[in-house]
Amino acid sequence: MTAVTTLTPRLVEDFARDGFVVVPDLLSADELVRFGAAVDEGVARRSRHDGRSLAEKTQYEQSFTQCQNLWEDCAGVRPLTFHPAVAETAARLLGVGAIRIWHDQALYKEAGGRETDPHQDHPYWPIVETDTITAWIPFDGSTLESGAMGYLPGSHRLGVREFVDIFSGHGADPLSRDVLRAIAPVYVEVPAGSVAFHHGLTFHLAGPNVTGSVRRVHTAIYFADGSTRGEGYYPHPAVERAGIAMGAVIASDVTPIAWPLPHGVLPDPPAEPKA
């Protein structure tokens, strides 16, 4: 089944060249309200026992509140993570016939939240192949003031695959590398209803949120069906939970097909959903 997508050949070319692209009008105003409320509820429930102020959180947590695998225990989020227009667009940008979900996550940057440090996504994932992509969905749109994403154009084509420790606050700055130093980040404001996509090897970062409101973003990470498990820097639940062996194809109910949906039906959550 082909979904209604606004992806054009020019946008596909832009993604191949730059490693990121904004695809307009993939979500309606009604969907933004409905899905935004569902993700809000999931974030509130997941963080209900955390009473810390922003200043009391770790440096990483000051960049955003992160809630992964919301599709598993938030029924209202599932149709967003597996949205046919979003997932088909992701597959077409990668140029593959089918994709699976790696995981989804809310990235809610609080008012006053710090910048997000530069990094690539793919090195955090034990996937041998690099056909990976993130759909970045801001429910209210994103602005430079709220913490817009910045991308290093073409950095996904440089052959760099570097784990950057953005978690401890002591990681090296990858932008100081000779191969990246000359590439200026391009900060992109995303209108509400549009979706930003970036390749798993694209270096990216985000500015601080200097507004008085939360920057509400949901992301879905997809990978090409048929990809295999490789070495990782730490155990990853996307493969550990399903017992995927080293070198084996990554395929389980933890990472179900996202597009094309079998028979057009949303997948059930795994037998042991994320708590």
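This is a predicted model: local features need pLDDT of at least 70, side-chain atom pairs count only at pLDDT 80 or more; totals for chains, interfaces and linings use all residues.
User: How many cavities of 30 Å³ or more does the count give, and how much space lies in the largest cavity?

Analyst: The count comes to one cavity of 30 Å³ or more, and the largest cavity holds about 40 Å³ of space.

User: Why is helix α5 called largely enclosed by the rest of the structure?

Analyst: A residue is called buried when its relative accessible area is under 20%, and nine of the eleven residues of α5 (residues 84-94) are buried, so the helix is largely enclosed. Among the buried residues are Val-86, Glu-88, Thr-89 and Leu-94. Just after α5, Gly-95 adopts a positive phi of about 75°.

User: What makes strand β10 largely enclosed?

Analyst: Eight of the eight residues of β10 (residues 217-224) are buried, so the strand is largely enclosed by the rest of the structure. Val-217, Thr-219, Ile-221 and Phe-223 point one way, while His-218, Ala-220, Tyr-222 and Ala-224 point the other way.

User: How do you know that β10 pairs with β3 and with β5?

Analyst: Pairing requires at least two bridges. Strand β3 (residues 99-108) is joined to β10 by seven bridges in the antiparallel sense, with Arg-100 opposite Phe-223. Strand β5 (residues 132-138) also pairs antiparallel with β10 over seven bridges, and here Thr-132 stands opposite Phe-223.

Key: Residues are numbered from 1 along each chain as its sequence is written. Side-chain values use heavy atoms; hydrogens and water are left out. Buried means under 20% relative accessible area, exposed over 50%, partly exposed in between (1.4 Å probe, protein chains only). Helices (H or I, at least four residues) and strands (E, at least two) are DSSP runs, numbered from the N terminus. On a 1 Å grid over the protein atoms alone, a cavity is a set of points where a 1.4 Å probe fits but cannot get out, and a pocket is an open set with protein on both sides within 12 Å along at least five of seven lines; lining residues have an atom within 4 Å of a point. Grid points are joined across faces, edges and corners, and a volume is the space filled by probe spheres set on the points.
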